[in-house]
Every structure is written in structure tokens, then in C-alpha cells.
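Let's explore a protein together, one question at a time. Have a look at the sequence and the 3D view, then follow the questions below.

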Amino acid sequence: MDLAFTHEEDAFRAEARTWLHAHVPSTPLPSLETEEGFRAHRAWETELAADRWSVVDWPSAYGGRDAGLIRWLIFEEEYYTAGAPGRVSQNGISLLAPTLFDHGTERQRARVLPPMASGEVIWAQAWSEPEAGSDLASLKARAVRTDGGWLLTGQKTWSSRAAFADRAFGLFRTEPDTPKPHQGLTYLMFDLRAPGVTVRPIGRLDAKPAFAELFLDEVFVPDEDVIGEPGQGWRIAMSTAGNERGLKLRSPGRFLASADRLLTLWQAQGEPESTKRRVADALIGARAYQLFTYAAASRFLDGQEIGPESSLNKVFWSEYDIALHETALDLLAEEGEFADTDWSERYVFALAGPIYAGTNEIQRDIIAERLLGLPKGRR
Ligand SMILES: Cc1cc2nc3c(=O)[nH]c(=O)nc-3n(C[C@H](O)[C@H](O)[C@H](O)COP(=O)(O)OP(=O)(O)OC[C@H]3O[C@@H](n4cnc5c(N)ncnc54)[C@H](O)[C@@H]3O)c2cc1C
């Protein structure tokens, strides 16, 4: 791998930096986990999209810049360094879009991707169910054939931002009598405001209302909203999961920027000796993750699959994020514990990192079995 950037990549970085400098809101937007914040973040997506910065690696036909994976990583570094707002469109951009690129039809891509890029339609992920989280294949929500489409019935839960999102994508059981649970599932998209959908917020530690569970009662979905072949949903979903855990969900830019903020905080607190080592670990960890990710991206661009190595990424960033925020809260002392600061909100969110996108216990099993070749554990 060549560790130097090309002139074109440097020019791209400079262009992104200039744009962000001119456009990033000078006061932070309200939390995107609230209705007001969701609206403000949607407007920000529109602003990004107007100058084609919302999905830089996508083809230009759908609103991107054809910039590719390396420039996307560069853009993310600049984005977080500039302190730009969190991405309310993330589920759509990093999960559904790659699925449509790999398994959707051209008509679906042309219909779904441009309004996703512009923030006009914001997507929620409706995979988990009360009895189907880690063991996703045991899901029970079903889709039954009807004229011109399917009727969805069942319950989905833990759906990020679903209280305010427009549409959702998920897996449904279409063939109830298959010999194995991951057979007979179908991947489809549906409208969160369609008749038969009830969206109920789930209480969070910080009382923000965007997280939700979904109750579906014969919700109609037209055939054009099925992704891939009916019954093939598991295979399609696994490619989505690779994207979620692998390169696209958490880019190094986010952690490089957080580590720099931590350093600034530590300096502002008089550089206490007691936390020096942990701040240094945060700086080194962010840089190591950056190099690891560029190496994975290079292998991907050389035609290799990301594969089970994405589980290493996921365990690393989720545990790193908690350690970094714990250090920040220790530095802030009482202010960190009790005040509703940016750091405390991010800390609470970091706590969920080892759970969402597949728990770290499951990721460790994947690492043990598929990367290290250890025998299967007892389930
Ligand atoms: C903040 C947050 C956001 C989320 N957003 C979404 C979303 O947008 N859409 C969505 O569909 N889902 C979402 N989820 C759900 C998330 O994917 C699940 O919570 C996760 O997959 C775990 O499933 P579960 O909660 O059912 O726990 P369980 O699967 O019941 O697991 C409970 C515990 O048992 C362990 N365990 C289970 N099976 C095994 C095993 N075989 N070996 C070893 N340990 C095991 C787990 O690791 C965990 O520690 C979100 C969750 C959180 C916390």
C-alpha cells in the first residue's frame, strides 16, 4: 500500500475543507434524536447534497461525485475535523444504498437513491425483533402475497431514528415452512406512514425520542419494493451487514477528530499527569484505526472482499469510543457526570456501540472461528 496521497487526492481534500469551512453551521444543531434536531439535520443533508457532498463516493447519476472509497475516507476526515453535524441519513447511505448497488434493479436505484442523497427521504433499518437480535434468522415478521405485492405483519424493534424517518427496510418471512430459519426470507422496503404502521418511541437513557419500535398490521408493499428475489433475503442482508460493520459505518475521521478534541480538553484542564497515558492511547488508537482502514480499503479496491475482518473493525471502534469518552468525562469531573454536555451525550451513545451492528460477543465468535480458525464455541 502506498501511504502517500496523490495530487488529485490532496486537491479533493482541499476542496472539501474549503466547502466545509464555508458551510458548517457555526452553532451545533440540536440533537438529531429529537424532532427539531431531525428537521435541522435533514436540512443540512439538503445543503450537503446541493453541492454534491452528501454521498461523494456514489456515481454522479445518483447525486454523488464518483469519488471512490479513498476520497470518501478523506472527505470523512475533513468532515469530522470541521465539526460538521452527525449524518441523519446514515442508515440509508451506509446500509440500504450498498444493498441496492449490489442487489437492486436500475429502476430501484434511480427511484430510491437521489431522494436519499438529498435528505428528502430518510431511512430506518427494521431488522431486529423482540426475539430476533443476535439470532436474526429467527425473525417472525411475515410478508404474505397479495395482488401486486405483499402484506407485512409483525413487530420490529430497536429502530434508530424510526420515530421521525420516512421509510424503512427490513427482512420478512415469506416462506414459513423452510427447513432452516435463514431460508424463505425476503428483503423489502416500506413506508413508515403507510396504513397499518404504528411507530412507538422506546425510552432512552437520555430521554431523546427518536429510537422506536414498529408494529405492522397488513401493511401493503408493492412488488417494486422487493430487493432481489423473494426468499433470498438472508444472502442480501449479509452483504448489508458486511457494509455496516466494515468500512462504511464508522470511518476513522470521526475518531481522529474525537481524539483531537480530547487532546484539546486535556490541555485546557492543565494536562493532568493522571490521564496523560489514556489521552496518548486515544491519539495512537485513532491513528492505528486510520491505517488499518486505509489498508482494508486498498485490499477492497484490489478486488478482495472485506469479509470477516470487518468484525475486527467493529470491536475496535466500539471499545475505543467508550474508552475515549470515559477519559473525557474523567477530565470534566462533576461537569462531565451531571451536565448535559456534548461529551456526555456522546458517551451515552458510545455505550451502545458494542451492541448495535451486531454485538461484540458475536463479532468475537466470528473472529475466533473465521479469522483464527478456532473450533466453534458451544451455543
Ligand atoms: C443504540 C442501538 C441502535 C440500534 N439500531 C438498530 C436499528 O436501527 N435497526 C435494527 O434493526 N436494530 C437496531 N439495534 C438492535 C441491535 O442490532 C441488537 O440490539 C443487537 O443485534 C443485539 O440483539 P438483542 O438486543 O436482541 O440481544 P440478544 O441477541 O438477546 O443478546 C443479548 C446478549 O447475549 C449475547 N449473545 C446472544 N447470542 C450469543 C451467542 N450465540 N454467542 C455469544 N453471545 C451471545 C449477546 O452478545 C448479548 O450480549 C440497535 C441497538 C442499539 C442498542
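Q: Why are Glu106 and Arg109 separated by about one helical turn?
A: This is a predicted model, so we are reading positions from a prediction. Both residues belong to helix α5, which covers residues 106-117. Glu106 and Arg109 are about one helical turn apart because their spacing along α5 is three residues.

Q: How far apart are the closest N and O atoms in the salt bridge of Glu106 with Arg109?
A: Side chains of opposite charge can pair when their charged atoms come close. A salt bridge needs a side-chain nitrogen of Lys or Arg within 4 Å of a carboxyl oxygen of Asp or Glu. Glu106 and Arg109 form such a bridge, and their closest N and O atoms are apart by 3.3 Å.

Q: How many salt bridges does the structure hold?
A: The pair Glu106 and Arg109 is a salt bridge. Counting over the structure gives a total of 26.

Q: Which helix gives the largest share of the lining of the largest cavity?
A: The structure holds two cavities of 30 Å³ or more, and the largest has a volume of about 180 Å³. Helices α3 (68-81) and α4 (90-103) each supply at least two residues of its lining. The largest share is four residues, and the helix that gives them is α3.

Q: How many residues in the lining of the largest cavity are charged?
A: The lining has 17 residues, and those nearest the cavity centre are Trp72, Glu76, Arg87, Gln90 and Ile93. Sorted by class, the lining has seven nonpolar and four polar residues, while the number of charged ones is six.

Q: Which residue has a side-chain N or O atom 2.5 Å from an oxygen atom of the ligand?
A: Among the 17 residues around the ligand, Ser128, Ser134, Trp158, Ser160 and Thr359 come nearest. The side chain of Ser160 has an N or O atom 2.8 Å from a ligand nitrogen, and a polar side-chain atom of Glu361 is 2.8 Å from a ligand oxygen. The 2.5 Å distance to a ligand oxygen belongs to Thr359.

Q: How much of the area that the ligand exposes taken alone does the protein bury?
A: Taken alone, the ligand exposes 970 Å². The share of this area that the protein buries is 68%.

Q: Which element gives the most to the shell around the ligand?
A: By class, the shell has seven nonpolar, seven polar and three charged residues. Strand β3 (149-159) and helix α12 (360-371) each supply at least two of the shell residues. With three residues, the element that gives the most is α12.

Notes. Residues are numbered from 1 along each chain as its sequence is written. This is a predicted model: local features need pLDDT of at least 70, side-chain atom pairs count only at pLDDT 80 or more; totals for chains, interfaces and linings use all residues. Side-chain values use heavy atoms; hydrogens and water are left out. On a 1 Å grid over the protein atoms alone, a cavity is a set of points where a 1.4 Å probe fits but cannot get out, and a pocket is an open set with protein on both sides within 12 Å along at least five of seven lines; lining residues have an atom within 4 Å of a point. Grid points are joined across faces, edges and corners, and a volume is the space filled by probe spheres set on the points. Ala, Val, Leu, Ile, Met, Phe, Trp, Tyr, Cys and Pro count as nonpolar, Asp, Glu, Lys and Arg as charged, and the others, Gly among them, as polar. A residue is near a molecule or strand if one of its heavy atoms lies within 4 Å of it. A polar contact is a pair of N or O atoms within 3.5 Å; within protein, one must be able to donate a hydrogen and the other to accept it, and residues adjacent in sequence count only if both atoms are side-chain atoms. Accessible areas come from the Shrake-Rupley method with a 1.4 Å probe; for residues, only the protein chains shown count as cover.
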